[in-house]
Each structure stands twice: as C-alpha cells, then as structure tokens.
Amino acid sequence: MRAFGFDLRARAPRAPLNVEDYRRAARRRLPAMVREYVDGGADDLATLAANRSAFARWEFRPRVLTGVRAPDLATTVAGVELDLPVLLAPVGLAGLAHWRGDVAAARAAERRGTRHVLSTASSWTIEEVAAATSEDHFFQLYPHSGETAAALMARAWDAGNRTMMVTVDYPVRGNREGERRTGMGPPPVLTPGSVLSLCRHPAWTCRTLAHRRISARNLVAGGGVAAAVASVEIQERHLSQATLDWDDLAWLRDRWPGRLYAKGVLTGEDASRAAALGLDGIVVSNHGGRQLDFAPATLDVLPEIAAAVRDRGTEVLLDGGVRRGSDVVKALALGARAVLVGRPYVYGLAVGGEAGVAGVLDVLRDEVERTLVLLGAPGVRTLDPTWLRPVTAG
Ligand SMILES: Cc1cc2nc3c(=O)[nH]c(=O)nc-3n(C[C@H](O)[C@H](O)[C@H](O)COP(=O)(O)O)c2cc1C
Ligand SMILES: CCCCCCCCCCC(=O)C(=O)O
C-alpha cells in the first residue's frame, strides 16, 4: 500500500544501527552489577571519557575524485591475514554478558575474518574455545606466578594459540566504585539493590544461573555462583601482578615460542624497551579506562609509541574508546596496524550472543568502508597522518 510515494508497510530499521544502539540495548538486558562491570571504569572515569574524546580532536583531510569505490580493508596482525583491522579484545567473565561468552565471540570473529583474544579469566576454557573454533585465535596472559604462567602458556600453545598478549597494566585491580556499589565487588555481595536488579532481569538471571558460565574457568573449577565468588578471590591473589617486572617479560619472551605482544603500554620508552626484548608487538591500551585513572587517552600516545618502535618493525595495535569506523581509520592513520574493541562486542554478546557480536563487527566494517570511500582512501594499509589534521579550537 502506497501514499505520496511511501510504502506504508515499510518500517524504519529497528535493529541496532551503531555501537551506541547496541550499548543501550545491552544495558536494558543486564542487571546493574554486570552493567557496571562492563561499562564502568576507575575512580572519576577521566580516562574512560578521555579515550572517547581523543578521537573527536582529529578531523579528516578527504581527497576528492579518487575513484575509490571498494577500499581494501584487509591487513595482517601477527602474520595472520584479517579481512578487517578490528580484533576482539580479551574480556574476563564474558559469560556474564551471554552464557556462550568467549565461544560466541571467537566464532563470530572467525565468521567475520578476524580474531578474538581469549582472556586468562575467560568463562570458557582455552580448550573449549579451541574445540568450538577452527582458527588460531590469540591468548591473553595474566602472568601471576611463573608456575601458573607456564601452565597457562602450555595449555594455550597446545590448543593452537600462536600469538599471546601479556597484560602489563594490572599490578592491582583499578578502583571501580560502580562495581563495588552494585555488589559486584570485590568482594561480591548481595545488596537489596542488586537483588532487586536481578529480579528485574529474570531472563538474564535464570539463563545465567542455569548455564553456569560466570567464573574464570581456566583457573577455577565449576561455573556457578560459588565459583564466581572464588574467581574474584583468584583475581585478587593471582591475576594482580604488582611484582611483575621487565625480567619476567624477558622470561616470558624466552618461554613463548609464538608471537608475543605487551598489552597496556602507554609511553615510547616502555614500548622501546619491550621491542628491545624481542616482543613482536605492543598494544597501546589503558585497559579501557579501568585501571589507572588519568592515564592518557590511547589515541593521544599512539604517535609517540609508533615512532619509538618504527625502526624495529614492531607492530602497534590500539584499544580504548573505539566505537565508530571513523575511529578505526583515525587510529590506523596515526600508526596502529589494527585496533581491538572490548565493550562494543560485549554489548553485542548481551544483545544476541554470537549473532550480536557478528552484528557489531558488521556495523564497524560498514563504517570503516564508508569512511574510506568518503575520504578517497584506497585501503587501510595506505593510511598515514596526512589523512588527518587536529581540530583547531574555537
Ligand atoms: C568487562 C571487561 C573485562 C575485561 N577483561 C580483561 C581481561 O581479562 N584481560 C585484559 O587484558 N583486558 C581486559 N579488559 C580490557 C580490554 O581488553 C580492553 O583493553 C578494553 O576493553 C578496551 O577498551 P574499550 O572497552 O573501550 O574497547 C576488559 C575490559 C572489559 C570491558
Ligand atoms: C569484581 C570482579 C571480579 C572479576 C574476577 C575476574 C576478573 C578478571 C579480570 C578482568 C579485567 O581485566 C577487568 O578489567 O575487569
């Protein structure tokens, strides 16, 4: 049926159109403690906000009449060919967002031609994720003691992981007051507010309890509430790594036969030092604003880090605040080979499991592609700082 040229049966799209739509939909589905765990940050949330606002300080220098219609989005990271320069960052306890958690994320990543980085604190074990997927996904290590690290590395290698990211920005858990207020902990507590929020989300509560995927399964046996509480203790005792130093990183370099990246580097000096130890890559990251508040926005320090390791050929990746395809393009232009996203795919998980994560990757892919066409850039590997300029004040 038509009127004035409109098809009256047609509907405006209701599916999420962008990452922010996924975020809103995810927040409606999750109880308060999980919302805070996913979306919160440290102290005054200054770094969390800075990660986003840094992208707004750059604008594009588009070239016209380039004839670019189908830009090339392919690249390589750690020698692995990717269809899209966006990887899925390690996220502990992803089973809180959707019971299929890490398995759903890794499967969506490989369906979309990219890779997932499995957290040490994943809800599905290294072996379970490997069995459910066919590509060589990446592993993230929280290396507390040599013994635990050696065991985790052996398991990751045997399961087919060939690239490992060691997280170096977690000497102690950041102060996340939202988590503490909502009962997420540490230690986890049932408050009247958290119980009310669980009751208001019966679908989430029943499904999550039934599937028992809310603990750090690589480290703790069992997956129910008691195991989740034990995971919090484990992260206090085993994942926080205040004693970790450069000798430990050298030790890890010697032990890990595959590609090794340091995740959580924010200065050129540290990046050079990691490169000198023989690391293959750096992830410029402040843990999504969840650790040291007033750490700089990752985009702001990216040029310094890219310059510091350029001569050695060390790969530079970035995460933190990437929400749009235009953010991906800016990060690549300023020296990143690819980016990782954390929260965006957790929103996708909460909204629709594997299909939700694939949906988020599709949104980002479309946005990167459209941005490149509008910019007149032929592909992601040809991006450099000449495609950008800083926004001038006023
Ligand atoms: C819920 C949640 C859990 C996380 N767990 C881990 C983890 O286990 N290991 C790790 O290295 N980083 C972890 N991170 C940090 C991410 O890997 C990544 O650095 C960060 O999310 C990037 O910022 P973004 O969320 O703005 O994309 C976590 C982040 C979130 C949001
Ligand atoms: C109070 C919540 C405890 C969760 C225990 C496991 C945490 C794994 C580490 C996740 C992480 O890196 C993060 O940023 O959060």
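A polar contact is a pair of N or O atoms within 3.5 Å; within protein, one must be able to donate a hydrogen and the other to accept it, and residues adjacent in sequence count only if both atoms are side-chain atoms. Keep that in mind for both ligands.

This is a predicted model, in which local features need pLDDT of at least 70, side-chain atom pairs count only at pLDDT 80 or more, and totals for chains, interfaces and linings use all residues. Residues are numbered from 1 along each chain as its sequence is written, chains are lettered from A and ligands numbered from 1 in the order in which they are written, and side-chain values use heavy atoms, leaving out hydrogens and water.

Start with ligand 1. It has 23 residues around it, and P90, S119, T167, D319 and R323 are the closest. A residue counts as near if one of its heavy atoms lies within 4 Å. In the side chain of Q140, a polar atom lies 3.2 Å from a nitrogen atom of ligand 1. K263 has a side-chain N or O atom 3.0 Å from an oxygen atom of ligand 1. For R323, a polar side-chain atom is 2.9 Å from an oxygen atom of this ligand. The protein buries 98% of the 600 Å² that ligand 1 exposes when taken alone. Such areas come from the Shrake-Rupley method with a 1.4 Å probe.

Where does ligand 1 sit? It sits in the largest cavity. A cavity is a set of points, on a 1 Å grid over the protein atoms alone, where a 1.4 Å probe fits but cannot get out; lining residues have an atom within 4 Å of a point. To sit there, a molecule needs more than half of its atoms within 2 Å of the grid points.

Now turn to ligand 2. The space it takes is the largest cavity. Of the 17 residues around ligand 2, Y142, R173, R176, H287 and R290 come nearest. The side chain of Y142 has an N or O atom 2.5 Å from an oxygen atom of ligand 2. Y142 itself lies in the loop between β8 (138-141) and α6 (146-158). From H287, a side-chain N or O atom is 2.9 Å from an oxygen atom of ligand 2. The protein covers 97% of the 440 Å² of accessible area that ligand 2 has on its own.

Finally, check the record. An unreviewed UniProt entry annotates Y37, Y142, T167, R176, K263, H287 and R290 as "binding site". The lining of the largest cavity includes Y37, Y142, T167, R176, K263, H287 and R290.

Methods
On a 1 Å grid over the protein atoms alone, a cavity is a set of points where a 1.4 Å probe fits but cannot get out, and a pocket is an open set with protein on both sides within 12 Å along at least five of seven lines; lining residues have an atom within 4 Å of a point. UniProt positions are given in the numbering used here, feature names are shortened, and annotations may be inferred rather than shown by experiment. Helices (H or I, at least four residues) and strands (E, at least two) are DSSP runs, numbered from the N terminus.
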